[in-house]
Amino acid sequence: MSHFSFTQRNGCSEILELLDISNLLALNDTVASKINAWTKHEAIRVILDHSQSAEELLKRRKVLRKSILKYLTEHGVTVSTSAGKQELIDDALQYWSKLDCNGKQLAAERQLPVQGRKQTEGMVQKSVKDAAKKKLTSPGPIITETRESGKTRQTEEQEKKEEEQAKKSDEQRGRQTDEPILKQPHCQMKMKMNIHVNVTPVIHVASKVI
């Protein structure tokens with residue numbers, strides 16, 4: 001069973017791509033003699049699946065030093081051109097371990113914003129629920145206030161009606177008191193006329209007697 005990290009498997013695959021087809025097929029026969037590979041890609045897959053580790057694969061004789069050196073220089077790894085194969089293998093393993101660490105760090109940094117978003121979403125949901133609860137509990141006082149305001153309006157309207165009725169009754173009383181006062185002079189005039197009519201014949205009769 002192979003023990004490769006994702007970075008190591010990709011790096012070894014690139015190094016195997018640099019090998020000639022003859023060396024690659026010979027390596028395939030050495031690693032997995034019972035499995036035949038007909039193409040270069042099939043041979044690389046079989047070799048990676050049946051190798052124990054990246055170091056064990058790179059130490060094999062069919063994996064050439066120049067292929068490892070070319071891979072490292074293409075990826076910007078500073079190495080000595082006179083370095084031996086084992087030194088180049090160590091540089092490749094160290095380079096892959098750095099890439100793995102950087103990948104883990106990037107993954108952790110990506111997860112932090114996600115956690116922050118989850119926390120903020122949870123806080124927003126909680127605030128929305130609290131607001132909904134407050135709305136459900138608040139209608140009681142609002143209803144009582146509207147009822148009280150309705151009652152005050154009714155009382156004000158009743159008071160206005162009572163004042164209008166009182167004004168009307170006062171006006172009617174004033175009219176009733178004014179009518180007899182206006183009628184009194186007319187009655188006195190009638191009485192004076194009657195007295196004058198009754199008195200004049202008496203005077204006339206008295207003059208005759210004299």
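The model is a predicted one. Its chain holds seven helices and zero strands, so the pattern along the sequence reads α-α-α-α-α-α-α.

**The chain as a whole**

- The chain has 210 residues, and 19% of them count as buried.
- About 16500 Å² of the chain is accessible surface, and carbon and sulfur atoms hold 56% of that area.
- Among contacts with a separation of 6 or more, 58% are between residues 24 or more positions apart.

**Helix 3 and its cover**

- Helix 3 spans residues 40-49, and its buried residues are Ala43, Ile44, Val46, Ile47 and Leu48.
- The cover over these buried residues includes helix 1, helix 2 (21-31) and helix 4 (54-58).
- As background for reading such lists, an α-helix has 3.6 residues a turn, so residues three or four places apart point the same way.

**Helix 2 against helix 3**

- These two helices pack at an angle of about 35°, and their axes are 9 Å apart.
- Helix 2 and helix 3 cross in a left-handed way.
- On the helix 2 side, the contact is made by Ile21, Leu24, Leu25, Leu27, Asn28 and Val31; helix 3 brings Lys40, Ala43, Ile44, Val46 and Ile47.
- Sorted by class, the residues of this contact are nine nonpolar, one polar and one charged.

**The loop between helix 2 and helix 3**

- Alanine 37 sits in the loop that links helix 2 and helix 3.
- With a relative accessibility of 12%, alanine 37 counts as buried, because the cut-off for buried is under 20%.
- Beyond its neighbours within four places in sequence, alanine 37 is in contact with Leu25, Asn28, Glu42 and Ala43.

**Helix 1 against helix 3**

- The axes of helix 1 and helix 3 come within 10 Å, with a crossing angle of roughly 135°.
- Helix 1 is therefore oblique to helix 3.
- Their crossing is right-handed.
- Helix 1 supplies Arg9, Cys12, Ser13, Leu16 and Glu17 to the contact, while helix 3 supplies Lys40, His41, Ile44, Arg45, Ile47, Leu48 and Asp49.
- By class, this contact has five nonpolar, two polar and five charged residues.

**Helix 1 against helix 5**

- Helix 1 (residues 6-17) also packs with helix 5 (residues 65-74), at an angle of about 120° and with the axes 9 Å apart.
- Helix 1 and helix 5 are therefore oblique to each other.
- The crossing of helix 1 with helix 5 is right-handed.
- Gly11, Glu14 and Ile15 of helix 1 meet Ser67, Ile68 and Tyr71 of helix 5 in this contact.
- Three of the contact residues are nonpolar, two are polar and one is charged.

**Helix 5 and what follows**

- The buried residues of helix 5 are Ser67, Ile68, Leu69, Tyr71 and Leu72.
- Ser67, Ile68 and Tyr71 are among the residues that touch helix 1.
- After helix 5 comes glycine 76, with a positive phi near 80°.

Definitions and conventions:
Residues numbered from 1 in each chain as written. Predicted model: local features only at pLDDT ≥ 70, side-chain atom pairs only at ≥ 80, totals over all residues. Heavy atoms only, no water. Axes fitted to C-alpha atoms, helices over the stretch in contact; angles between N-to-C directions. Helix = DSSP H or I, 4+ residues; strand = E, 2+ residues; numbered from the N terminus. Parallel < 35°, antiparallel > 145°, perpendicular 65-115°, else oblique. Left-handed = near helix turned anticlockwise from the far one by under 90°. Contact = heavy atoms within 4.5 Å. Nonpolar A, V, L, I, M, F, W, Y, C, P; charged D, E, K, R; others polar. Buried < 20%, exposed > 50% of the residue type's maximum accessible area, 1.4 Å probe, protein only. Areas by Shrake-Rupley, 256 points an atom, 1.4 Å probe, with all protein chains shown as cover.
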